[in-house]
Amino acid sequence: MAKSPQPKVVTKKHLARLEKERRQTRILVIGAIVTIILVIGVIGYGYLYERVIIFRQPVAKVGNEVITTEQFQKQVRFYRYQLIQQYQSMAQFMSLFGSDPNMTSSIQSNLQQIQSQLNDTQTLGQNVLTGMIDDLVIRQEAARLGITVTSAEVDQAMQAAFGYFPNGTPTPTITPTNIITPTYNPTTLALITSTPTPTVTPTPTVTPTPTETLTPTPGGPTDTPTPTEGPTFTPYPTETPMTLQGYQTNLQEYVKTLSSLGLTEADYRRLFENQLYREKVMAHVTADLKPEEDEVWAEHILVNDQATAIKVKNLLLQGQSWDALAKEYSQDTSNKDNGGDLGWFGRGVMDKAFEDAAFKLAVGQISDPVQTSYGWHIIRVLGHQVRPLTAAQFDQLKQQKFQDWLTQQESKDQVKRYDYWKDRVPTEPTLPASLSGLPGQ
């Protein structure tokens with residue numbers, strides 16, 4: 001008869017060991033679950049950061065309002081798109097006038113300029129961000145002044161951009177050009193008996209000329225770009241006259257194109273709003289300007305060092321001819337044979353030191369040596385008057401005052417830029433491969 005198995009004796013020690021193993025197993029399981037959750041959380045946060053959070057982060061702040069990464073990147077892509085459209089349009093234009101060397105040379109220069117802007121992403125991004133900051137400053141000022149832009153005004157601007165005029169094509173307004181007829185006092189008349197007649201437009205040879213930047217202009221991709229000093233966001237696609245149906249069709253096609261850049265129709269309308277706010281606020285800021293300015297008519301002798309400048313000044317005081325000394329000593333080859341004549345100019349045109357000295361001189365007075373970054377100048381003033389401005393000059397004056405106002409306003413509104421915008425400048429869209437062989441590439 002088989003023996004029955006002896007029952008296993010479970011001691012307290014054995015029970016304690018089993019309990020310890022169960023706790024360790026539970027800890028391992030919990031640890032594994034926590035680790036998995038953390039890994040999933042990190043991955044999820046990374047995905048959320050890349051897809052959502054980063055786009056909501058501000059790249060700049062104006063007062064209590066921010067410009068988000070998403071808004072900034074949309075504007076950069078739109079601006080690049082406009083440049084590319086201009087490039088393509090100009091390339092087609094060049095193919096029509098390729099037999100004209102002067103025209104070809106000019107177009108090639110503009111193509112290279114556009115390409116340079118597309119390649120210099122940091123400068124392009126900085127200019128775009130500055131433009132967006134300006135727009136916010138302008139909108140905030142408009143709110144303070146009670147200036148508004150209606151939906152109907154935006155609609156009208158958009159229709160005009162496409163060349164659709166439901167109330168008839170507007171008649172262009174022709175601004176008459178002022179004919180400047182300065183009067184000369186006896187001192188000026190005595191000085192100019194041997195001096196060539198002054199030019200109305202000054203040649204500011206003592207002021208560095210800013211590098212021109214091609215900017216998309218009203219009329220969009222079919223127009224030739226106009227050189228300016230910074231980007232303006234002009235959302236106009238074409239100026240082809242059309243019917244209501246044609247306008248609606250073209251608008252939707254253009255909006256569809258913009259959707260590939262991440263822009264919506266609301267974004268597109270906001271571009272027009274920005275432009276209308278800019279025009280209205282600018283009209284308010286420049287309302288007190290008159291189409292005239294204080295100007296001087298001056299000539300100069302430019303030399304390399306102070307000693308030579310003192311020598312020239314002494315020779316003039318001894319009665320030697322200004323024109324002869326300018327021809328002999330002046331390093332300004334653009335006008336040395338013309339008595340160093342710079343024509344009439346207002347403030348903000350010449351080098352600051354040169355300008356300050358010229359405006360302090362009495363008519364006929366000869367300055368002490370004046371140093372600028374170009375060398376040493378002896379200046380003689382031939383005239384000093386408040387002179388009427390042409391329409392173009394008056395517009396330039398208003399633009400300058402408005403820009404000065406923007407600069408001052410931005411300091412008041414506590415504008416802040418966040419440096420990480422530099423790492424978030426889009427590099428798309430790019431020029432099509434079919435244009436890779438053109439001079440701008």
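Helices H8 and H12 are roughly perpendicular to each other, a label given to angles of 65 to 115 degrees, while angles under 35 count as roughly parallel, over 145 as roughly antiparallel and the rest as oblique. H12 covers residues 391-412, and the two helices pack at an angle of about 95° with their axes 10 Å apart. Axes are lines fitted to C-alpha atoms, for helices over the stretch in contact, and angles run from 0 to 180 degrees between N-to-C directions. From H8, the contact (heavy atoms within 4.5 Å) uses Arg-278, Val-281, Met-282 and Val-285. From H12 come Lys-398, Gln-399, Lys-401, Phe-402, Trp-405 and Leu-406. Six of these contact residues are nonpolar, one is polar and three are charged. Here Ala, Val, Leu, Ile, Met, Phe, Trp, Tyr, Cys and Pro count as nonpolar, Asp, Glu, Lys and Arg as charged, and the others, Gly among them, as polar.

The model is predicted: local features need pLDDT of at least 70 and side-chain atom pairs count only at pLDDT 80 or more, whereas totals for chains, interfaces and linings use all residues. Residues are numbered from 1 along each chain as its sequence is written, and side-chain values use heavy atoms, with hydrogens and water left out. Helices (H or I, at least four residues) and strands (E, at least two) are DSSP runs, numbered from the N terminus.

A pocket is an open set of points on a 1 Å grid where a 1.4 Å probe fits, with protein on both sides within 12 Å along at least five of seven lines; lining residues have an atom within 4 Å of a point. Among the 14 lining residues, Gln-71, Gln-75, Met-132, Arg-270 and Asn-274 lie nearest the centre of this pocket. The lining divides into six nonpolar, three polar and five charged residues.

Which residues does Leu-276 touch, leaving out those up to four places away in sequence? Leu-276, in helix H8, touches Val-149, Glu-153, Val-154 and Ala-157. Val-149 is 127 residues from Leu-276 along the chain, yet their C-alpha atoms are separated by 6.9 Å. Leu-276 is buried, with a relative accessible area of 14%; buried means under 20%, exposed over 50% and partly exposed in between (1.4 Å probe, protein chains only).

Gln-159 of helix H5 (residues 151-161) is buried as well, at 18%.
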